[in-house]
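Hi,

Here is the structure I promised to pass on.

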Amino acid sequence: MKGRIAIIGGGFTGLTAAYYLLKHGYSVDLFEKANDLGGLASSFIIHGMPIEVSYHHIFKTDIFLINLAKELNLENKLKWFKSSTAIYYNNHLYSFNTTKDLLRFTPLPFIDRLRAGLVILFLKQLKNWKILTKKKAIDWLYKWAGKNVTEVIWKPLLVGKFGEYYQTISMAWLWSRVYNRSHSRQFRVNELLGYFEGGFKVLAISLEQNIRNLNGNIFVNTQVNKISTTSTNLVKIYVGDRVHIYDKVIVTTPSDVFITLAYDNNANKSVYLSKLQKIKYLGAIIILFSSTQNISNYYWHNINDISLPFLVFINHTQLVPREWYSGKYVYYLGKYVPHDHEYFTMRDDDLALLWFRSLKKIFPNFDQSLIQTIKVFKLKYAQHIVDCSYEEIIPEYNTDIPNVYLANFTQIFPEDRGVNFAIREGINIAKIINY
Ligand SMILES: Cc1cc2nc3c(=O)[nH]c(=O)nc-3n(C[C@H](O)[C@H](O)[C@H](O)COP(=O)(O)OP(=O)(O)OC[C@H]3O[C@@H](n4cnc5c(N)ncnc54)[C@H](O)[C@@H]3O)c2cc1C
């Protein structure tokens, strides 16, 4: 045995790190505070089938995830489906899948449609994204895509995702979204998106089984409350009234949580801590519901109308077979909000009522009486703010506490966070420990 490692957090970063470290001969204990594994991509059962608390799909470019699925013999569970996207703008739904759709997108004058297409083409070809890091996405778009394209297509997306921070977001982040998305299409007209039959739960269960088979320990419902070091630089972790001692500890919780675990009273004024303190997070509010009604024939709906309370409407069973959910249609509504937003404290019933009223504006035929199940999820650490100086505050994997490592989605840049990159983080941190 090479050493005793504790991993805090049983999302996909923690699970992947545990799996690879065990394969390299370490002893691993993984602690997860929730009663289930999977973190932001954890699941619950709807109509007999696991489904994520927040909408999830897989891109063709998600190579770390696809390779892990192959390694775990889950290839037959990873299915690919034709996606379809629409934009809701000015009281209309517009199909937005192909170049033809863009050329037919009447909210923009024809010359702007061409301009929008050229900007996407440029971003798709661009390899040296570093030149965009210090450029604000909104300014860059006004300059190159123009006022109309920016205000109709891009600004509502930035506002929806980053709220009051939308003007600060780095163009490198937006480049990565466009680049990965367009390369995910390859030569197809319609994008193919992946999803596991049985949801991401299938991947979490397989990692869990492999970890246990390799003699790793997983403790769910087990919150770590504090981390400190001994005089010989072993690491102590505090769980309830017990203290466990390890050679090394990997923290995969959000950075804010890591601060409370490891930096007592903020007495430590290190550069590392000041980087962690500068990271700003938004939460996500998700309403998941099932119905006997088919509300729309598109999978993904960008709501480009900032007067509506949600950013996205997803018809999950337009992507995957609804037979998986006993024939019911399954939908998500979602929005990113700051932690002090009223949606965090609003009663679930009131929130659902408010959002359903807006959904009816988009789809006048939407019939609330046909809804079967409604679940509201409020996720505190859902997205971080990737502004133009974000690169300077990305925390290193090696923290300033001896033998304590950090691996979470704040280290992913310029890509958007995702399970694919969580798996990459898990692999990276395992390599660093096993150097
Ligand atoms: C709305 C939304 C939509 C998304 N859509 C997609 C998508 O379509 N495709 C995709 O690939 N990705 C998507 N993602 C992103 C993806 O879910 C995340 O990037 C990924 O799950 C992050 O994994 P992680 O392990 O790094 O972090 P997390 O999942 O946050 O895991 C951290 C874990 O630490 C645990 N923890 C926290 N504190 C403690 C403590 N004190 N003690 C013990 N445990 C603790 C938490 O409970 C959690 O389980 C989406 C995310 C959101 C919010």
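How many residues does helix α14 have, and how far does α14 reach from its first C-alpha to its last? Helix α14 (residues 419-433) has 15 residues and reaches 21 Å, close to the 21 Å expected at 1.5 Å a residue. The expected span is 1.5 Å times one less than the number of residues. Helices (H or I, at least four residues) and strands (E, at least two) are DSSP runs, numbered from the N terminus.

Before going on, a word on the model. It is a predicted one: local features need pLDDT of at least 70, side-chain atom pairs count only at pLDDT 80 or more, and totals for chains, interfaces and linings use all residues. Residues are numbered from 1 along each chain as its sequence is written.

Back to α14, which is mostly covered, with 11 of its 15 residues buried. Buried here means 20 or more other C-beta atoms within 10 Å of a residue's own, exposed means 12 or fewer, and partly exposed is in between, with C-beta atoms placed from the backbone. Among the buried ones are Phe 421, Ile 429 and Ile 433. The buried residues pack against β1 (4-8), α1 (12-23), α2 (63-71), β13 (248-251) and β19 (404-406).

The α2 partner is worth a look. The axes of α2 and α14 come within 7 Å and cross at roughly 75°; they are lines fitted to C-alpha atoms, for helices over the stretch in contact, with angles from 0 to 180 degrees between N-to-C directions. The two helices are therefore roughly perpendicular to each other (65 to 115 degrees; under 35 is roughly parallel, over 145 roughly antiparallel, the rest oblique). Phe 64, Leu 65 and Leu 68 in α2 meet Val 419, Asn 420, Ile 423, Arg 424 and Ile 427 in α14, where contact means C-beta atoms, placed from the backbone, within 7 Å.

Next, the ligand. 34 residues surround it, and the closest are Gly 9, Gly 11, Thr 13, Gly 39 and Gly 418; to count, a residue's C-beta atom, placed from the backbone, must lie within 6 Å. α14 turns up here too: α1, β18 (371-384) and α14 each supply at least two residues of the shell.

Lastly, some backbone details. The peptide bond from Phe 413 to Pro 414 is cis, with omega near 5°, and Pro 414 lies in the loop between β19 and α14. Asn 233 has a positive phi of about 65° although it is not a glycine. Asn 233 is exposed, with 12 other C-beta atoms within 10 Å.

Cheers

Technical notes: Contact = placed C-beta atoms within 7 Å.
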